[in-house]
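Dear colleague,

Please find below the structure that I am handing over to you. My notes on it follow directly after it.

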Amino acid sequence: MNNTVYYDSPVSDDVRRRRLYDGQLFVYSPRPSTTAFIAFARSMIEEAFEGLDPRTAQKNMPVERYAELLGKLKPAFIHHPESKRHLQNIFNEFDCDLSKTYFDVPRMRSSTSDGYLTTGIAFAWHPHRDTWYSAPGCQINWWLPIYEIESDNAMAFHPRYWNQPIKNSSAGYNYYNWNKLHRGQSVTKIIKEDPRPLPRATEEIELDPQIRIICPPGGMILFSAAHLHSSVPNTSGLTRFSIDFRTINLEDAVARKGSANIDAACTGTVMRDFLRGSDFSRLPDDVVALYDDETVKTGELIYDPNRA
Ligand SMILES: [Fe+2]
């Protein structure tokens, strides 16, 4: 049963992964590596906003200009070589073996208040499991706030669905086609309605009970890719800025360990996006092949490890 939030748990990475695969949550206080990472992120954000407080800048800027600013800031953060170095430091400090831990590039996210901008570059996530988007059951998600967060601009987990399948549209989602469709397309222009065919629940979701973990800036939340989670509709008056990235442990991937798939029907796999912590090499082809399906042959194999 998934019923536990481990706070600053001293368990090893091996034990932690087992518990995450069972649907438990882990939360950690800020550590030197995460504090350094958010200081780096803050410096980029504050430079981009040119003196405006990033959390209230939405009140002083036309939405088009705001989207344009984020459209430059976020890819710059994702592609910055420093971002990868910070992740290495974080994995070391969190007891992950760099030679077996694979990661995808860290994304910077923003959640504006009161529906100012909730599409495209500032997409507001409906309740979803990452496993609906071609993530394997052994994927672990890491999430940390860059500034203070509050209950009404946080992220929510919906634990009652851990063991309960949800009717969803993931069968229509193929990772390679999705990348092909969006190659070269600027999400900055998507201000009103988002045309991206992202899988979602096709039945009514009961959002409560839900868990919102409020940790300080640089605090870290870890959860399984199979957990149903969503962006809380932001009514705080402040824009939330956060970072998230994902990891896969090589041994678990080879042994097909991870959370059980109870309702994902998507095709393709995100496995090619992952880079090894020690040297940024990709997962071995034979390991990726364990997670692939026939669409790898029929479709055009397009993936982008640096996608925004
Ligand atoms: Fe997600």
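In helix α1 (residues 13-21), the buried residues are Asp13, Arg16, Arg17, Leu20 and Tyr21; buried means under 20% relative accessible area, with exposed over 50% and partly exposed in between (1.4 Å probe, protein chains only). Helices (H or I, at least four residues) and strands (E, at least two) are DSSP runs, numbered from the N terminus. Down the axis of α1, these residues fall within an arc of 135°, so they line one face of the helix; the arc is that of the directions from the helix axis to the C-beta atoms. They pack against β2 (25-28), β5, β8 (220-224), β10 (240-249) and α6 (250-254), contact being heavy atoms within 4.5 Å. Glycine 23, with a positive phi near 95°, follows α1.

This is a predicted model, in which local features need pLDDT of at least 70 and side-chain atom pairs count only at pLDDT 80 or more, while totals for chains, interfaces and linings use all residues. Residues are numbered from 1 along each chain as its sequence is written, and side-chain values use heavy atoms, leaving out hydrogens and water.

The iron ion is coordinated at 2.2 to 2.3 Å by His128 (NE2), Asp130 (OD) and His229 (NE2). Donors are N, O and S atoms within 2.8 Å of the metal (3.2 Å for Na, K and Ca); water is not among the atoms, so sites may look incomplete. The donor residues are spaced H-x1-D-x98-H in sequence. Histidine 128 lies in the loop between β4 (107-111) and β5 (140-145) and histidine 229 in strand β9 (residues 229-231), so the pair ties together parts 101 residues apart in sequence.

Yours sincerely
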